[in-house]
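Please read them with the structure open.

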Amino acid sequence: MRCIAQILLLVWVILTKAVAQQEEPIAGSSCQGANLEQFQVRDVRIEHPFRFVGSVLNRLSVAQSAVASLKGKQYSLKEAEAAKSQLLNEPFLSEAGSSLVRFSYAAVFVDQCKDGGLDLIFQVFSSQVSPSFGGLFESLIAERTRPQEVAGVTDPKEPLRFSPQFRYDRSERFAAGGRMELAPSALHLPIDHMVVEGRQSNNSQHLSASLSGVTIQERIGLGRLEWQLNYLHSVAATDRDPLRQNRLLGQIWAATKPLGGPGVVLRFGVSAEGGNQHSDFATAELSANTVARAGYGSLKFFGGQTFRTRRHSVAASYGVELGATESGPTMDYAKHVGDVAYSLWIPVADHRQVELESRFSAGGIGGSGSIPAPKRFFGGNTEQNFLASNVWMIRANPVLRSFPSNRFYHTADGVGGDRFFSYNLTAAFPGPRNWHRPLVPVELTKDGQFPKILNGALITTTSTLSLDYAVRDPAFQKATAQFSELGDSLKQLETKVKDAQAGAGGMLEAEFRNCLRRTSTAQRRLRSAIEAKSGDLFGFVKDLLDPAEGIALALKACATDLNSQLQNGIIEAETKKLETIRSSMAKAFEGVNMMLAVKKAEIEMGVVKRTLNTIFEDINLFSVSPLFTFDVGRLGRESTDGRGGVRYGLGGGVRFTLVSHVVFDAGYAWNVRRRMMSEPKGAFFFAMTFRDLFE
Amino acid sequence: MPGTKAVVALTPKTRRELVSLSVKFEINSRNGLRRVIFELHKTPKGENVEWKIVFQLFEREKRSDEFTKLVALEIITELAKKAEKMAQEGMTPSQSAHAIGPAADDAKAAEAGEIPQEDADETVEATLKK
């Protein structure tokens, strides 16, 4: 306990020191009011927040060599502008995907105007965040570890990715492996990812291979629809004999687009799996309806909700598995799991936050038939997912970091729990100032222009998105239902005006020409509107019905300017007919609830806004954070000799993040309520994942 | 040395001077067949500032095709305040609708010789006023 107190004291000292440190003051510009053309360029550099991404760095290297020619020369606005234009059009963004709006920004700065020289700085940033991204609890991890993907700088469907993995656990010992991901888009198959993941140690194995596809079905309100075919072979170490599993799984799940004010995402799915589960436990060690090994088949149903704000994130999920063993086609067992996760970030200084992550999970298994022993609950410092997914986690075992993986399994009723609950709290504290470096340079985020311009880009995206909602408004559809009538009327008017012009003998030539020009423009707009599908349709209809554009201009030119002098009864009848149609359409168009359309777009974009804010204001390129952990868990019924029951774990460690390259948590947790001699006093936890090596 | 304290003098960071900036919006239609690029460039011109609009329209027959550039316009606008507002605050729904709708339509018509170029320039510039 003394050690824990010392760690907490250390954490407190670090936290206090971090809060106390302030940014250096920023003085006025040394170049303000200077005649820049009189200075020589001392240094030229390009700043890009995602320069750590391989593809961006390659582009920047090329661009840097292009602008390097400016160094040592007399400053020239023309040359600086040319270089800026080139940078603005550099394809820093991934070309894949179908973002509604892509945004690029380039700016020229000068600094350090002294001794006849100045520094020339180019700032560049591009983004194409997809509105459907990031509503999920698990997307927080993506933001913090793969911000370049969230901002659309890299393609989530890179053709090849490889991430090495290393972990240590006393059950598993030192394990090494990796994950290889292929995106076979070039094959024109409905498969987005082929993933092979493997890990091996002296006493454990994990091999999985999967094919999966992801799509967005906006028409039915789905922000994500994912299917997967997955094969798994695993040998999971315990302190005795390992738990073996081979299974084939087919799974499909969907998530809605963010709903309502807070942007709640509902998700649900089903999977079917079959295979075998083996262990070498003796029958005497198992409870009455449990078998050491069996073939099995099962159906899983699962659902949940998730939502997040800038500083809070919540996910709640429930899953049920209905399984049958080899003994027959009837349902032999039912397994239920529930999982609630909550994360909170408390900013304590610039780019420094206290991160609190908590998770409560519970489950039970029972039934009238045989249950394979590995299907029961085995606890420890490794979490098991009820699903086969990297995007949605429903924790399906008690996690206690003070136990090596699969070492918390003895109960009064035998090996493996028939029910459990566990609660885990992880608090990561910011290290001192030099233990982190912001991802986006402070010069960019604190600059007066850039945050405004970035916000403007988000507004543009929201505006464009709102047009899609507006054209689905029943009032808009009522207006466009009169397209055919409007087309006929415009055509008739044009014909009658041409007839009148032919008989006018050159009179009112300018008026005739203007009337025909305006009628022609209105017809062209209508043709484009008929061909248009979404947001552009709104623009054409708005222009047609605008009191100062489109049909109104045609009516003014033909009825007011021309026919008031010509007094042609046929033209008068046609213009009146056109005005009636215009009025009817305009009345319907006025009924379009634009505020609702904008509101819907804002809800959809709220997730994006929060994501970008996180990238710009919270995420560090690297950071080192001290960790504090607390766990409590209960497994099955407790016996008098200490099997099963409640355990507590307290621990500390460190979290190191190097964005895009590596993330690891390492530490030690003590088993505070140790009831059996065979139980560990505590356990080290360590997991290291390298990011994509081919990025 | 005993009895002395090391003093670190913090040099205040200077605020760099912004010379010029460019903002580029690329708006893609939902069906993926039309792309409008609307750029705003702010550059110093003597004592004043000049705003330039660059407008480009791309289309393609099928999603699998490459985009073809149909139109590229450059307009020096007098609407400096409106250009500044759009660069900093983004496009309103009306501006976005106008850019991908009538502005693109007229630019294309001018390119095909159906309307005078000045009319198309006027429609594109009117995006700022929407």
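1. Two strands pair if DSSP finds at least two bridges between them. Helices (H or I, at least four residues) and strands (E, at least two) are DSSP runs, numbered from the N terminus. With these terms, strand β3 (residues 34-45) and strand β4 (residues 48-59) of chain B run antiparallel and are joined by twelve bridges. Phe38(B) has Phe55(B) in β4(B) as its bridge partner.

2. The model is predicted: local features need pLDDT of at least 70, side-chain atom pairs count only at pLDDT 80 or more, and totals for chains, interfaces and linings use all residues. Residues are numbered from 1 along each chain as its sequence is written, while chains are lettered from A and ligands numbered from 1 in the order in which they are written.

3. Chain A has 14 helices and 25 strands. Chain B has three helices and five strands, in the sequence pattern β-β-β-β-β-α-α-α. A residue is buried if 20 or more other C-beta atoms lie within 10 Å of its own, exposed if 12 or fewer, and partly exposed in between, with C-beta atoms placed from the backbone. By this count 45% of the 695 residues of chain A are buried, and 46% of the 130 residues of chain B.

4. Which strands make up the sheet that contains β3(A) and β2(B)? It is an open sheet of seven strands with mixed pairing, in the order β2(A)-β4(A)-β3(A)-β2(B)-β3(B)-β4(B)-β5(B). The edge strands, each pairing on one side only, are β2 (40-47) of chain A and β5 (68-77) of chain B. Neighbouring strands are turned by 15 degrees against each other on average, direction ignored. Axes here are lines fitted to C-alpha atoms, for helices over the stretch in contact, and angles run from 0 to 180 degrees between N-to-C directions.

5. The two chains meet within this sheet where β3(A) pairs with strand β2 (residues 17-28) of chain B, antiparallel, over ten bridges. Val110(A) stands opposite Glu17(B) in β2(B).

6. Two residues are in contact if their C-beta atoms, placed from the backbone, lie within 7 Å. The contact between the chains takes 59 residues from chain A and 40 residues from chain B. On the side of chain A that touches chain B, α7(A) gives the most, with 13 residues. That side has 26 nonpolar, 19 polar and 14 charged residues. Here Ala, Val, Leu, Ile, Met, Phe, Trp, Tyr, Cys and Pro count as nonpolar, Asp, Glu, Lys and Arg as charged, and the others, Gly among them, as polar.

7. Helix α2 (residues 93-111) of chain B has 19 residues and reaches 26 Å from its first C-alpha to its last, close to the 27 Å expected at 1.5 Å a residue. The expected span is 1.5 Å times one less than the number of residues. Why is α2(B) described as largely enclosed by the rest of the structure? Because 16 of its 19 residues are buried.

8. After α2(B) comes Gly113(B), whose phi is positive, near 80 degrees.
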